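User: I have a few questions about how some labels in this structure were reached. Please take them one at a time.

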Amino acid sequence: MNIEKMKGTFTQIFGAGADPEVFFAPGRVNLIGDHTDYNGGHVFPCALTLGTYGFVRKRDDDTLNLYSENFSSDGVVTSSIHDLSPSGNGVWTDYPRGVIWAFAKKGYTIDCGMDILFYGDIPGGAGLSSSASIEVLMGTILRDLFGFQELPVTRIALLGQYAENHYIGTQCGIMDQFTSAVGKADHAIFLNTYSLDYELVPIRLGDICLIVTNSGITHSLVSSAYNERRRECERGLDMFQKVIDINSLGDLNNEQFDRYQFLIPDETIRKRVKHAVSENRRTVHALNALKENDIFEFGRLMNKSHLSLRDDYEVSCEEIDFLVKTAWEVPGVIGSRMTGGGFGGCTVSLVKKRNRNLFKNKLAACYQEAYGKVPEFYEVKIGDGAGRLL
């Protein structure tokens with residue numbers, strides 16, 4: 001991304017004046033541990049070098065001007081920092097506005113307006129957390145420009161989640177915002193989503209590359225069954241808590257689930273809880289496999305994770321299942337699974353570097369033959385969390 005060129009665009013949009021200050025927040029890919037974050041389990045994501053850039057200049061009045069290069073046809077969207085009611089239809093401006101609203105709700109006063117240009121290189125709707133990226137970006141901007149330097153990055157993540165839950169209306173967990181805020185280059189984050197204890201774990205892939213494959217099926221967590229899955233898990237937790245002293249489904253192991261699953265008469269809810277419990281244990285085992293340099297066991301656990309997301313949690317889709325099944329048949333693929341909220345989006349695969357072209361060519365040809373479109377491939381790098389660039 002050409003920062004100087006984008007600064008020139010900022011001047012064209014908002015007029016001459018002081019140079020804008022420049023910030024960045026990354027997207028994320030989750031290696032394993034999906035739909036465990038709002039169930040008090042563990043996740044194992046990493047931040048990407050793809051993300052959202054913000055070019056910002058404070059104003060002398062209370063006007064908030066927002067412009068996105070990714071939605072340039074919308075032009076400049078103007079409001080007051082004192083009038084931040086949500087649109088109700090999940091437009092892109094709700095995400096930065098929601099974070100400003102969350103800061104004010106929690107007592108952090110924003111005392112003037114801003115001109116902000118956004119540019120993101122995360123494919124929209126791909127499930128790589130473009131929404132969390134813009135939320136954490138906005139929180140980082142507010143922290144640095146309005147004197148909230150005492151705010152730890154974990155607090156910025158929580159404020160982003162608060163905005164998503166209470167302003168946007170998606171009952172997401174903390175994983176996406178936490179990863180964007182805390183990420184470190186060449187490390188994954190092993191996060192206990194109940195306690196927020198975390199460990200930065202070095203990722204040394206050597207002759208293996210990390211490939212994200214975009215199905216081209218755009219998902220929307222607000223309009224999808226995401227919130228329904230969360231409610232189903234909460235109902236399952238209530239049933240378990242009548243007999244077992246637990247705070248979250250993340251407190252259960254597989255043996256306890258097997259012993260007490262009779263407490264859940266509804267088969268659908270039982271399947272949802274089964275996934276939450278088994279996926280959490282897989283994530284813990286995956287961390288141990290990585291620390292023992294057993295990348296093949298890590299890949300096996302990725303594959304089992306996809307089966308659980310497909311069959312028990314039912315958040316995959318036909319196209320994603322096709323990409324994963326095809327990947328499993330390609331020589332040199334260590335593991336492949338859907339990643340993110342589901343209902344479309346992307347897969348993540350560990351592939352031997354010598355086989356990456358075979359992988360891409362095989363998936364592209366098969367997917368085009370089956371669905372009439374070619375998937376996009378991103379050979380992603382693991383990057384740092386949010387911060388100021390200039």
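User: Which residues of α1 are buried?

Analyst: In this predicted model, the buried residues of α1 are Met6, Lys7, Thr9, Phe10 and Phe14. Seen down the helix axis, these buried residues of α1 fall within an arc of 155 degrees, so they line one face of the helix. They pack against β2 (42-58), β3 (63-68) and β5 (114-120).

User: Which residues are exposed on the other side of α1?

Analyst: Glu4, Lys5 and Gln12 are exposed there. The word applies to a relative accessible area over 50%.

User: How do you know that the length of α1 agrees with what a helix should span?

Analyst: Helix α1 has 12 residues, 3-14, and at 1.5 Å a residue it should span 16 Å. Its end C-alpha atoms are 16 Å apart, so the two values agree.

User: What is found at the start of α1, and what follows the helix?

Analyst: At the start, a side-chain oxygen of Asn2 comes to within 3.2 Å of the backbone nitrogen of Glu4. The cut-off for a polar contact is 3.5 Å. After α1 comes Gly15, with a positive phi near 95 degrees.

User: What makes the phi of Ser129 worth a remark?

Analyst: Most residues other than glycine have a negative phi. Phi of Ser129 is positive, near 70 degrees. Ser129 lies in the loop between β5 and α3 (130-145).

Notes:
Residues are numbered from 1 along each chain as its sequence is written. This is a predicted model: local features need pLDDT of at least 70, side-chain atom pairs count only at pLDDT 80 or more; totals for chains, interfaces and linings use all residues. Side-chain values use heavy atoms; hydrogens and water are left out. Helices (H or I, at least four residues) and strands (E, at least two) are DSSP runs, numbered from the N terminus. The expected span of a helix is 1.5 Å times one less than its number of residues. Buried means under 20% relative accessible area, exposed over 50%, partly exposed in between (1.4 Å probe, protein chains only). The arc is that of the directions from the helix axis to the C-beta atoms. Contact means heavy atoms within 4.5 Å. A polar contact is a pair of N or O atoms within 3.5 Å; within protein, one must be able to donate a hydrogen and the other to accept it, and residues adjacent in sequence count only if both atoms are side-chain atoms.
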